[in-house]
Amino acid sequence: MSIFFKNINFRILSLVPLLLLFFITLTGNAVININFISINILYVLVYFWALKLPESLGNGYIFLGGIITDVIFGLPIGTNPFTLLIIASVASYVRNVTVRITLINDWISFLPTLIIANFFYFIILYLSDYQIDYIYLLKNSIFTFIFYPILWVFFSITLRLIK
Amino acid sequence: MDTGREDFGIAIRSAFLKKGTQQRFSLFALLILSVFLMFIEKIETKPLNVLRSIIKDGIYRSSTIVSAPAKGYKSLHSTAKSHFFLYEKNEKLTKEIKELKNIKYKNDFLVLENTQLRKLIDENASSLADLINARVMIDKQSPYLNSFIINSGSNKKIKNGMAVTHGKNFIGRIVDVNFFTSRVLLVSDLNSKIPVLVEPSGAQAILSGHNDKELTLDFLPKNHQVKNGDKVYTSGKEGIFSPGIPIGKVKMKLKKANVSLFSDLKQVTFINIDVGVKK
């Protein structure tokens, strides 16, 4: 009986990243703005789970989440799927080359990921004739990087419960 | 050195091409698909537009459903909050009603006088605009596009470029029309440029958004007489919007003409769409 409940518990918990992905994208909360602070939690979510437990967040779901974000935010369809998949790719690469994963390792490797993702984001929006607030983009990147450890702790607790 | 390069190649190949456990698609295939989607986004054909419209309508509806509990909590919170200040509010409103009544009497007289004067110069004094009402479905502001989704689309004959008002105040224009929904690009967005008229000086300018509360007046004439408190209206020059829709008032800051909007864009629930000019 206890094994049965443990299995159910495990299955529900393993859906948390997926549910979070769709909740964040459908409610339009991919980017959280609080006064001066702006954090892209979708980037952190995709990076963390693609790095730690890729089977919990399928590539197809990441793609779908990106499309929903594009539609909700009114961006050219394909922008967010491309950026999120780039993040997932870098995370996958980091997973392949890293032996011991710690918060510091993750945090440091998240910086180039963020730069690459935002570079593509900027290029796509520029080519689609969207005017971009460069300061905002920079601010968003900086705060996403700064707040990464807080979200890392939250996701790590979930990961521990899944495992 | 060669081994290092090989390792790098293997890691890259593994990251992009290898499908992990329980992964149906490789990252590389999905990246290619994303690029393909971006390309077909530029193509305007009827079947593609219908498909886009169906997908967008579906996502907007799902978003409204998923966001419903949060919205419900928000409105419950504001209702509870307003109940605490009921007495104070009532007193304030009674006072305001008295003042407004006085203004109304004066206004009635002015309207009458205005109609008579217009008749004298043979001008049609009736309202020119044909308005459609709609409700805001999703007001989540994108970091790169200040816009919201409304619950009317091509089913109500809404078209791209139509002016959107909150009450009588201009707040934006339609930029994307689906069958049941449309996207309104707010006047505060970085991509918004509206031809306007500043009264009483009569100066023409372009009102530009900056993803901020305050907008700016660009391309004002060199020796303009624009000052603090001047009213800004649509000029109707581009031929899409009706002329004379109020937008906001001027706030001069270091010789720069800023404009603060009459409507608070965060408090918009119902809007009107100017679907054309009746003649």
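Ile87(A) is in contact with Tyr43(A), Val46(A), Tyr47(A), Ala50(A), Thr113(A) and Ala117(A), leaving aside its neighbours within four places in sequence. This is a predicted model. Ile87(A) also stands out in the largest nonpolar core, which has 81 residues. Val46(A), Tyr47(A), Ile87(A) and Leu207(B) are the residues with the most contacts inside that core.

**Leu85(A)**

Leu85(A) sits in helix H5 (residues 79-97) of chain A. Is Leu85(A) buried or exposed? Leu85(A) has 29 other C-beta atoms within 10 Å, so it is buried. Beyond four places in sequence, its contacts fall in both chains. In chain A they are Asn59(A), Ile62(A) and Phe63(A). In chain B they are Leu27(B), Leu30(B), Leu31(B) and Ser34(B). Pro112(A) lies 27 residues from Leu85(A) along the chain, and their C-alpha atoms are separated by 15 Å.

**The interface**

How many residues of chain B are in contact with chain A? There are 39, and they meet 39 residues of chain A. On the chain B side, helix H1 (2-17), helix H2 (27-41) and helix H3 (46-84) each supply at least two residues. That side divides into 20 nonpolar, 13 polar and six charged residues.

**Helix pairs of H2(A)**

Helix H2 (residues 16-26) of chain A packs in two pairs described here. Its partners are helix H3 (residues 41-52) and helix H4 (residues 59-73), both of chain A.

| Pair | Axes come within | Crossing angle |
|---|---|---|
| H2(A) and H3(A) | 11 Å | roughly 160 degrees |
| H2(A) and H4(A) | 8 Å | roughly 15 degrees |

H2(A) and H3(A) are therefore roughly antiparallel. Their crossing is left-handed. From H2(A), Pro17(A), Leu20(A), Leu21(A), Ile24(A) and Thr25(A) take part. They meet Ile41(A), Leu42(A), Leu45(A) and Trp49(A) in H3(A). By class, this contact has eight nonpolar residues, one polar and no charged.

H2(A) and H4(A), by their angle, are therefore roughly parallel. This crossing is left-handed. H2(A) contributes Leu18(A), Leu21(A), Phe22(A), Thr25(A) and Leu26(A), while H4(A) contributes Tyr61(A), Gly65(A), Ile68(A), Thr69(A) and Ile72(A). The contact of H2(A) with H4(A) has seven nonpolar, three polar and no charged residues.

**Chain B overall**

Chain B holds four helices and twelve strands. Of its 279 residues, 26% are buried. Among contacts in chain B with a separation of 6 or more, 53% join residues 24 or more positions apart.

Most residues other than glycine have a negative phi, and most peptide bonds are trans.

Where is Pro200(B)? It lies in the loop between strand E6 (193-199) and strand E7 (203-208) of chain B. The peptide bond from Glu199(B) to Pro200(B) is cis, with omega near 10 degrees.

Asp129(A) is not a glycine, yet its phi is positive, at about 60 degrees. The residue is placed in the loop between helix H6 (103-127) and helix H7 (134-146) of chain A. Asp129(A) counts as exposed because it has 8 C-beta neighbours inside 10 Å.

Lys157(B) also has a positive phi, near 65 degrees. Its place is the loop between strand E2 (147-150) and strand E3 (163-166) of chain B. With 14 C-beta neighbours inside 10 Å, Lys157(B) counts as partly exposed.

How values were computed:
Residues are numbered from 1 along each chain as its sequence is written. Chains are lettered from A and ligands numbered from 1 in the order in which they are written. This is a predicted model: local features need pLDDT of at least 70, side-chain atom pairs count only at pLDDT 80 or more; totals for chains, interfaces and linings use all residues. Two residues are in contact if their C-beta atoms, placed from the backbone, lie within 7 Å. Ala, Val, Leu, Ile, Met, Phe, Trp, Tyr, Cys and Pro count as nonpolar, Asp, Glu, Lys and Arg as charged, and the others, Gly among them, as polar. A nonpolar core is a set of buried Ala, Val, Leu, Ile, Met, Phe, Trp, Tyr and Cys residues joined through C-beta atoms within 7 Å. A residue is buried if 20 or more other C-beta atoms lie within 10 Å of its own, exposed if 12 or fewer, and partly exposed in between; C-beta atoms are placed from the backbone. Axes are lines fitted to C-alpha atoms, for helices over the stretch in contact, and angles run from 0 to 180 degrees between N-to-C directions. Angles under 35 degrees count as roughly parallel, over 145 as roughly antiparallel, 65 to 115 as roughly perpendicular and the rest as oblique. A crossing is left-handed if the near helix is turned anticlockwise from the far one by less than a right angle, and right-handed if clockwise.
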